[in-house]
Amino acid sequence: MDQMKRFAIYFAPRPSAFADAAASWLGWDLQQGRSVVQPAFPDLPELTADPRKYGFHGTIKPPFRLAKGVTPQELMQATERLAASLSPIQMPGLQMISLDGFLAFVPQGTTAALQTLAADVVQGLDDFRAPLTDAEIARRRPESLTLRQHELLTTYGYPYVLEQFQFHLTLSGRLTDAETIRLRTAAGDHFAGVLPQPFRVEDLCLCAEDQNGRFHLLHRYALSA
C-alpha cells in the first residue's frame with residue numbers, strides 16, 4: 001500500500017449483478033483489481049479507455065497524494081471514523097445521461113443529502129491531502145474555471161466539489177454524437193435488469209492508484225451513523 005501514488009474516496013457498488021456488469025463494461029474490476037473481458041461491442045475498449053483505469057465509481061473525494069508525514073494507515077483510520085459518523089443515503093434509482101460529452105449514470109430524485117455527504121468527506125479528510133504541484137494545477141486548466149471553481153481548486157485541490165459537485169458514474173470517454181447514440185443503446189442493453197432500485201450509497205470506499213495508473217479498492221467502510 002505504501003507504493004500507491006494517490007488515494008481517493010469513491011462510491012463503488014457492493015458485490016452484485018450491477019457491480020459485475022459495471023466491471024465488465026469498463027474492463028476493470030475495481031474491487032478485485034484485475035482486468036475483465038468486455039462485451040463484444042465495436043470500439044468499446046477505445047471508447048471506455050479513459051474511465052477504465054479508475055474502475056466503475058462515483059467520486060466522493062477526488063484523487064490526492066498524501067500530505068508529508070501522513071501514512072496510509074492514518075488515512076484508513078480517519079476514513080473509518082468519518083464513515084461511522086455519516087448516514088446511508090437512498091435515492092429512487094439511476095438514469096443514463098450524456099454529461100459534458102460522455103455517458104454516465106446519475107441518481108434520480110433529489111441529491112441534496114449526497115451533496116452534503118460529499119462535502120463532509122472532502123472537508124473532513126482534507127488535512128490528509130498534499131498541496132497541488134504547479135503541474136497538477138496546470139492540468140486542471142485554471143484559465144477555463146470560474147472564480148468559484150478556482151477558489152475550490154486552491155482550497156481543496158479540485159474545482160468541482162461542494163456546491164460545484166455533481167455525482168456521476170462514468171461509462172465512457174468523450175464521444176461524438178454518433179458514438180453517443182450507439183453506445184447509449186449498447187449500455188442500455190448491457191445494464192438491463194441490473195440497475196439498482198432504489199440506489200443506495202452505503203459505504204465510503206477508500207481506493208488507491210497503483211504505479212501503472214490503475215485504481216484498486218483498499219477498504220469499504222460502512223456509513224453507520
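Which way does α1 pass α8, in a left-handed or a right-handed crossing?

Guide: The crossing of α1 with α8 is right-handed, that is, the near helix is turned clockwise from the far one by less than a right angle. The model is predicted, with local features needing pLDDT of at least 70 and side-chain atom pairs pLDDT 80 or more, while totals for chains, interfaces and linings use all residues. Residues are numbered from 1 along each chain as its sequence is written, and side-chain values use heavy atoms, without hydrogens and water.

Helix α1 covers residues 17-26 and helix α8 residues 177-190; helices here are DSSP runs of H or I with at least four residues, strands are E runs of at least two, and both are numbered from the N terminus. The two axes come within 11 Å and cross at roughly 145 degrees, on a scale from 0 to 180 degrees between N-to-C directions, with lines fitted to C-alpha atoms over the stretch in contact.

On the α1 side, the contact (heavy atoms within 4.5 Å) is made by Ala21, Ser24 and Trp25. From α8 come Leu183, Ala186, Ala187 and His190. Sorted by class, the contact holds five nonpolar residues, two polar ones and no charged ones; Ala, Val, Leu, Ile, Met, Phe, Trp, Tyr, Cys and Pro count as nonpolar, Asp, Glu, Lys and Arg as charged, and the others, Gly among them, as polar.

Rings of Phe, Tyr and Trp (its six-membered ring) pair if their centres lie within 6.5 Å; planes under 30 degrees apart are stacked, over 60 edge-to-face, and the rest tilted. The count by this rule is 13 aromatic pairs. Trp25 and Phe191 are 166 residues apart, and their pair links distant parts of the chain.

Phe191 belongs to the loop between α8 and β9, a strand of residues 199-201. Pro198 is placed in that loop too. A cis peptide bond joins Gln197 to Pro198, with omega at about 0 degrees.
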